[in-house]
Structures are given as C-alpha cells and as structure tokens.
Amino acid sequence: MARRIDIWKKGLVPAVLAAGVLLFNSGALAQAPPLSEATEGCLMCHEEATPGIVADWRNSLHAKTSFTMAAAAPERSRKVSSLAPEGELAEVAVGCAECHTLNPDTHKDTFNHEGFQVHIVVSPKDCAVCHARQTDEYSRNKMGNAHRILVDNPLYMTMVNAINGPPVIKDGKPVTTAADELTNAESCLACHGTEVKVNGTQVRETDFGDLEFPVLEGWPSQGVGRINPDMSAGACTACHPRHGFDMTTARKPYTCSQCHKGPDAPAYNIYSVSKHGNIQASQDKDWDYTQKPWVAGRDFNAPTCAVCHASGVEDANGNVLAESTHQMNDRLPWRLFGVIYSHPQPKEADTTVIRNKEGQPMATSLDGEWAKDFLIDEAAREERKNAMLGVCAGCHSRQWAEGHWKRMENTLQTSDAMVKAATDVMEEAWNKKYAQADNLFDESIERKWMLQWLFYANSTRKASAMAGADYGVFAGGRWDMSKNLADMAQWLETQKKSQ
C-alpha cells in the first residue's frame, strides 16, 4: 500500500524541508539525492550511447531531487501531487530507471534490456506516480484526447483524407484517396498524436554488441493525444521536452507554437503581435519562469500562454489569481477554433460522443444551432469566464478586462454570422447539385467554404480573444472573410447563369 506524505504530521527531518524550500523557491541547489543502482547501471552505457540525453537529464530538476524532497516544499510551491512511491523510489533521484521501468506489465513495449524490464515510451500513467493530479487533469483535457477526437470522428477524417490523400484523376477531376499512416503521422497526427503500436522485435548491432529491441509503429511521436503502448492517452513531453522536463520551456510561448502557429490555429502568431507578446519578447530575459506559484509583477510582467491557461498565479500579496491546472479549458467558456461555429466548451474531453440535431459528430449544425446536451451551460460558462478574469486581475482593472471580454464575445457573433452566410451559399450549391455533398471538403468551392471557418474565422476569433488586432482584420481576418464570401457568392451566381 502506498503511504501519503504529510511532512507536518509525520515529522520528516527539518533539513529535508529546508532543502525542499531552497531547491524549489530560491533556485539554490540542495545536495542532490543518491541515484538508484538501476539508474547507475543505465548511465554506465548511456553516458556513451546517448550523451545528449544524459546531459539533458543531468541538468534537470529530476536529477537533483527525490520525491521526498519535492514533497517537503511548501504546499503552494509543491510540484508533486501523489502518494509517496513504495521503497527507495521516494528517496532517490528521478533517473532513467525510475521512469523507464515503471509498470512494466502494462507496457506492450517492455523488453528485457541488460537484465532490466525496460519500456521505451514513458506515458502519463508513469508520470502519475509523482504527478497524479496533473495527470488526471490532463486526461480531462481535449489535448489529452486529441488523437481520438480526430481519428474517431468520421467527418474529420474525411477532411484529413481530402487534404493528405494522394488524388487520382478520373474524368479530368481529382478523386480523394485515403491518406497513408506515415503521411498522417507527420501532418495532422504530429500534433494530435499517433497510436504507438508494438510490431515484433528486431536485433540491432550496437557499440555494446547485438541487442534486441521492440519495433514501434507510430514512433517517434510527441503529439498531445498520443495513444501509448500501455493504452494511456497523452504525452507529457509535448510541453515538457524529455529528458529535461524544463518548466521554463513549458511556460514559454514558443512551446505552444509547435501546434498553434499555422493558419488553422494562429494563436502564437497573434500572441507575438499583441501587447502581451511584445512585452514578453522585450523583457522575458528578466523574468523567472521557475517559480511556483508564479507571481504577477514579480516573476513576469505580461501573460504567456501558460499564465492564462495553465499556471497557478498569485499577486504580490499572496492572493490567488488562478489555481494551476493541466485541464487547459477550465478557464475557457467558449470553443473558438477548429470548428465551423464558435460554441460553448464540450462537457466531456472526448468530443467523439457529440451529435448535432442531424446526428452528425459536430457540436453545431450547419445552421449554427448548438448541440446543447453535450455543451456546458450558462452557469459553467460564467464560472470559467470569472476564472480567466481572475488572471487578468493581476494587471488590469475589472472594467478593462470586462471591456475586452465584451468585444471578444461580439466578435464570436459577427464571425459566426459571416460563416453562416458562406454556409448558406454552400448549401444552395449542394441543393442545386453544383457541388456534391457526399464529401464536404474536396471540391474547390468547398475549399473556399473551409477557408471561411477553418482559417479566417479562427484567426478573427483568436485575434479578438488575444488582442492581436491585425489578425482579425487584414492578416487572415475580416477582410479575407468578406472577400471569400464575395467570391463564393459570385461563383454561385455564375453557376446559376450557366445552367
């Protein structure tokens, strides 16, 4: 049975508490804990075989602390959230063996490696040994379910195949074919995550002799919703790069730009041109990205993605502005991008259960009506709005923040109206057989319809939410929405005249 760490009631040695405070708050280095024999065994070979990986780990907080030391930090600064692991695991540094030999019976990629039962893919279930709360929150997050949200939605996969599948020309027209797994792995699933499967083993020649390894399909993968060989979903390393797991990297906006930069999700671009992004780029060399909690006005002067969506934030007087979370939508009332119309956030992270009134796997109908049974209600939206406004309160007055929010919600209405107009054109084209509705994404006029919501409405909504005005006007925003709509309407008129 696991035992719960309670540093105040169990009376752990005061020196351990002091070490934890120093290590986690002041940045000073306490004496590093010992390495386990298993990790020492790993390092004997991997110092030579994978020196870059070892160097990353040696510079990490994992190499410099044990669970017991981490648990000794003050509650608001504590980065572990689990019951103490059994045996020496609580007292040694978090090394190679502490991550790559956990739960071997649940990992299909476990193999015998120099006398150890090792698995290649470290999963959220492994991280949960020390970070249970964070793992649970991430599992309730759309990002953690991103693979299933895409692959198990037939409508989305129709779009994936229309984009990725090599077309075949028949009667002078391109016909969509299914995309292959390797193409999807380096495109859509690079962010959504692949499913990593074990396909036998192979013997490879190494500097240490011939060694047998499992053969992994869908690997490498660092997508946020990756399906792991232990059947867990998610990849902590999407934001916390292995093997350093650096909090600074996770908190900087460049990490989010890995997936939120293209025209379908231009959040990083918009942030970069906003006042917040300008301040971050100009001043962040003086910021402290390592503190927990993160103090507005002391550790940073403007929000990053993490400030708004994940980090625990306080003011200089110790007032909590936002609790830390790995459920990235619990400060978000509205779902803005990757959808035809904006709508309230889904109740469940696995959005494949959603059906609109026509029975389609979408949160809205083509006329914009919400699938309300699957979406959060007004009370939940108000709670999440206030959670986000709490972050804003670190720097802004309530009036400033409310004024910004009012403009943003107005933008949702006006951009949705422009999408609705484009959809009306598209539906008339389908009804009159000027385009075929069996595949909503493969014809040129359908691609223009996709531009309206997948690129231009996304940009407009995000620009309003994140104060990057030009992306809401001329850089893929309202200008492009209005021009695209005019082009679609003219195309429709031309079709009518040609009949």
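# Close-up views of a predicted model

**View 1. Aromatic pairs in the model.** The count of aromatic pairs comes to eleven. The model is predicted. A pair of aromatic rings is described by the distance of the centres and the angle of the planes. Take tyrosine 289 and tryptophan 294. Their ring centres are 5.6 Å apart and their planes stand at 50 degrees, so this pair is tilted. Are these two residues buried or exposed? Tyrosine 289 counts as buried, at 3% relative accessibility. Tryptophan 294 is buried too, at 0%.

**View 2. Two tryptophans, edge-to-face.** Tryptophan 430 and tryptophan 449 form an aromatic pair. The distance is 5.6 Å centre to centre, with 80 degrees between the planes. That makes the pair edge-to-face. Where do the partners lie? Tryptophan 430 is in helix H20 and tryptophan 449 is in helix H21, so the pair ties together parts that are 19 residues apart in sequence. Both tryptophan 430 and tryptophan 449 are buried.

**View 3. A ring cluster, and charges over rings.** Which residues do ring pairs link into a cluster? They are Trp287, Tyr289, Trp294 and Phe300. Tryptophan 294 also has a charge over its ring: the charged end of arginine 251 sits there, 4.1 Å from the ring centre. Elsewhere, arginine 204 lies over the face of phenylalanine 213. Here the distance from the ring centre is 4.1 Å.

**View 4. The largest nonpolar core.** In soluble globular proteins, nonpolar side chains tend to be buried together. The largest nonpolar core in this model has 27 residues. Which of them touch the most other members? They are Ile340, Met426, Phe441, Trp449 and Trp453. Helix H21 gives the most, with seven residues.

**View 5. A second core.** There is a second, separate core of twelve residues. Among its members are Trp287, Ala296, Ala306 and Val313. Trp287 also belongs to the ring cluster with Tyr289, Trp294 and Phe300.

**View 6. A three-stranded sheet.** Strands of a sheet pair through backbone hydrogen bonds, either parallel or antiparallel. This sheet is open and has three strands, in the order E7-E8-E9. Its pairing is mixed. Which strands stand at the edges? They are E7 (294-295) and E9 (320-322). Each has a single partner strand, so one side of each is left without a neighbour in the sheet. Strand E7 pairs with strand E8 (residues 313-314) in the parallel sense, over two bridges. Valine 295 has glutamate 314, in E8, as its bridge partner.

**View 7. A salt bridge across the sequence.** Side chains of opposite charge can pair when their charged atoms come close. The count of salt bridges in this model comes to 16. In one of them, the side chains of arginine 76 and glutamate 314 meet at 2.9 Å, N to O. Arginine 76 lies in the loop between helix H6 (67-71) and helix H7 (96-100), and glutamate 314 lies in strand E8, so the pair ties together parts that are 238 residues apart in sequence. Arginine 76 is partly exposed, with a relative accessible area of 33%. Glutamate 314 counts as buried, at 9% relative accessibility.

View 8. The side chains of arginine 133 and glutamate 137 meet in a salt bridge of 3.0 Å, N to O. How many residues apart are they? The two are four residues apart in helix H9 (residues 132-139), about one turn of the helix. Arginine 133 counts as partly exposed, at 32% relative accessibility. Glutamate 137 counts as buried, at 10%. Aspartate 136 and arginine 140 form another salt bridge, at 2.9 Å, N to O. Aspartate 136 is partly exposed, at 41% relative accessibility. Arginine 140 is partly exposed as well, with a relative accessible area of 39%.

**View 9. A salt-bridge network.** Which residues do salt bridges with shared partners join into one network? They are Arg76, Glu314 and Glu323.

Key
Residues numbered from 1 in each chain as written. Predicted model: local features only at pLDDT ≥ 70, side-chain atom pairs only at ≥ 80, totals over all residues. Heavy atoms only, no water. Pairing = 2+ DSSP bridges. Core = buried A, V, L, I, M, F, W, Y, C linked by side-chain atoms within 4.5 Å. Buried < 20%, exposed > 50% of the residue type's maximum accessible area, 1.4 Å probe, protein only. Salt bridge = Lys/Arg side-chain N within 4 Å of Asp/Glu carboxyl O. Phe/Tyr/Trp six-rings, centres within 6.5 Å; stacked < 30°, edge-to-face > 60°. Lys NZ or Arg CZ within 6 Å of the ring centre and 35° of its normal.
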